[in-house]
Amino acid sequence: MSALLELRDLTIRFPTALGESVPVSRVSLRIERGETLALVGESGSGKSLTGLALLGLVPPPGKLDAASQILLDGSDVTRLSGEALRALRGGRIGIVFQDALTSLTPVLTVGDQLREAITAHRKLSARGAREAALALLGEVGLPDPASSYGAYPHELSGGQRQRALIAIALAGQPDLLIADEATTALDVTVQAQVLETLDRLRASRGMAILLITHDLGLVAGRADRVAVMYAGQIVEEASTASLFEAPGHPYTRALFRAIPRLESAVDQLTPIPGGVPLPEEWHAGCRFQPRCSEALDKCATLDPPVVPLAPGASSRCWLPAKGDQ
Amino acid sequence: MSQPLLEVTDLVKRYEAGGPLRRRHPVYALNGVSFAIARGETLGLVGESGSGKSTLGRIVVRLVPASGGSVRFEGQEVFGLEGAPLRALRRRMQMVFQDPYSSLNPRLRAGTAVAEGLEIHRLLPRGEVAGRVAQLFEEVGLDASYVSRYPHELSGGQRQRVGIARALAVDPGFLVCDEPVSALDVSVQAQVLNLLKGLQQRRQLSFLFIAHDLAVVRQLAHRVGVMYFGRIVELASAEVIIQRPRHPYTRALLSAVPQPDPRRQRSRIVLSGEPPKPTAPPPGCPFFSRCFHPSKDSRCTAELPLLRPVGESQVACHYAERSTNSAP
């Protein structure tokens, strides 16, 4: 059976004054029905752009490469337009962004905005749409759906607004929900509440989630699989358990050493030297090589291969996999 | 114990509500906050947005006026200082801001920004400023060639280093760091945390280190204060806060910190309910609406719990002695 969603060689190019920038290069991913895939990366890694591409929302003048394929249930959605594209956006695939205050319009009530999303995808009477909206507000865990329905965004707390956004993203009954840093702006205890709700919705609706985040810590115990992006490429893909157990790529390993831990007040964290390179600074060879403590001579000049580590797990690196050594 | 470097007593920050007739209640950003910081010590403050932690930092360095209470620095009352004594105070305490993008003047070269403090306080003859700036750049791990760069030509981590050099220029004894790494990428965060830690040891600095991330605070703080709704609800050594938290909010906060360790996830406490609105503060415990403590009862809604010693900690919970172990 085909995956719910499959990305094949997704490449996004932007023409710039200095030539061309390729912030996402040949990204391939599979998302199965009902699973949570985390796409983890730092700023500028291309993770958000990848998410936007799934909905045909790459901002102009950015363009997908002709060879890029985005297969939803086996059929390519990269060339959809008009009605078919509208049915995809918010229909088969919903998205929740980071900042609920700018994602919602301040001049309409939550109920109005939610009803608009519902009637865009479903033929319902005014009363039917209202009932569906109230049901959704309850489903996403808003304590008092009726009062939230009539509230303006500024009258809700940050966590409540984010729940309202999730309700809107669910209005078209999507098979895939993209959560793009959807909980980043929230306080950690509220973040935990909202993530719990997302997972409950995934299970009850059989929906898949693409969890886009900069925070590797957030992924533990919440995603089935993880793909780590660095400088426009996927550098490692693995089940969450094995990624945390034995990270395969030097970048992933370095990230783990750089994350502050609660338990161990280690005297010094081990930072990754330098900073995340900009697309114009990417060179031939491995893009992490300038910061890599394990780099070999050839890493600076030759593109590393994608080496399978286990079924569904791979690392883009010249180093032999642990265990082969 | 000798006299603390900084002593904050019963600090209050009240914002009068606007609107016609001022009929709405004032909002308390801080409501009776007290703590002390010893020389060479780092006190970490954690709390959610709106808990008052940034307001507190700004009041301490006299960027924002307080509505009540006192801040004593090296034994001297900070409120009410004007003119030369205030300028002298500002040489002794400095601030590192969260956002290195907006806290540096985009039209000043990095070296000029760092030199400003030296010039304002006339600390050095003009001819020696450039040499001192170069030293400061080296101390924060920036190549001397960066002095002529503009902020937009620097990465986030480099900008934060400039912000730190700028604070150090006047040779302060005390730094308020307000979320100094939360705008930075994970791979760069550790660089700046290590830098701050090294500076503290070399220069014998004291820090008030404010952050929302307990794991970050943990890296530098000797003691940690947990803020909720304008009050400190728990204050203890970093070790005790992490290992034996007593306030239910501290426990929830600890369990919610995203940590890359799947084993931690089993004991996750997920709160329900919403925090109270600042415009309608409850009469009792502000955490009541989200509290999962099995002993919580009508006393919590009627009577505000005050910070009091319990074991190795200070805790503002009526039932801090009782276990919260039947948590959901």
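**A walk through the two chains**

Helix 1 of chain B is followed by B:R62, which has a positive phi, near 65°. Helices here are DSSP runs (H or I, at least four residues), numbered from the N terminus. This is a predicted model, where local features need pLDDT of at least 70, side-chain atom pairs count only at pLDDT 80 or more, and totals for chains, interfaces and linings use all residues. Residues are numbered from 1 along each chain as its sequence is written, and chains are lettered from A and ligands numbered from 1 in the order in which they are written.

Reader: How many of the eight residues of helix 1 of chain B are buried?

Author: A residue is buried if 20 or more other C-beta atoms, placed from the backbone, lie within 10 Å of its own. In helix 1 of chain B, B:K53, B:L56 and B:I59 are among those that pass. Helix 1 (residues 53–60) of chain B is mostly covered, and the buried count is seven.

Reader: Are helix 4 of chain A and helix 7 of chain A roughly parallel or roughly perpendicular to each other?

Author: Their axes, which are lines fitted to C-alpha atoms over the stretch in contact, with angles running from 0 to 180 degrees between N-to-C directions, come within 8 Å and cross at roughly 20°. Angles under 35 degrees count as roughly parallel, over 145 as roughly antiparallel, 65 to 115 as roughly perpendicular and the rest as oblique. Helix 4 of chain A and helix 7 of chain A are therefore roughly parallel.

Reader: And how is helix 3 of chain B placed against helix 4 of chain B?

Author: The axes of helix 3 (residues 110–120) and helix 4 (residues 126–139) of chain B come within 10 Å, crossing at roughly 120°. That angle makes helix 3 of chain B, relative to helix 4 of chain B, oblique.

Reader: Which helix of chain A gives the largest share of the side that touches chain B?

Author: Two residues are in contact if their C-beta atoms, placed from the backbone, lie within 7 Å. The contact takes 35 residues from chain A and 36 residues from chain B. Among the helices of chain A supplying at least two residues each are helix 9 (216–219) and helix 10 (240–245). The largest share, six residues, comes from helix 8 of chain A.

Reader: Which residues of chain A is B:L253 in contact with?

Author: Leave aside its neighbours within four places in sequence. B:L253 then touches B:V46, B:L214 and B:V226 in chain B, and in chain A, A:V188 and A:T189.

How values were computed
A residue is buried if 20 or more other C-beta atoms lie within 10 Å of its own, exposed if 12 or fewer, and partly exposed in between; C-beta atoms are placed from the backbone.
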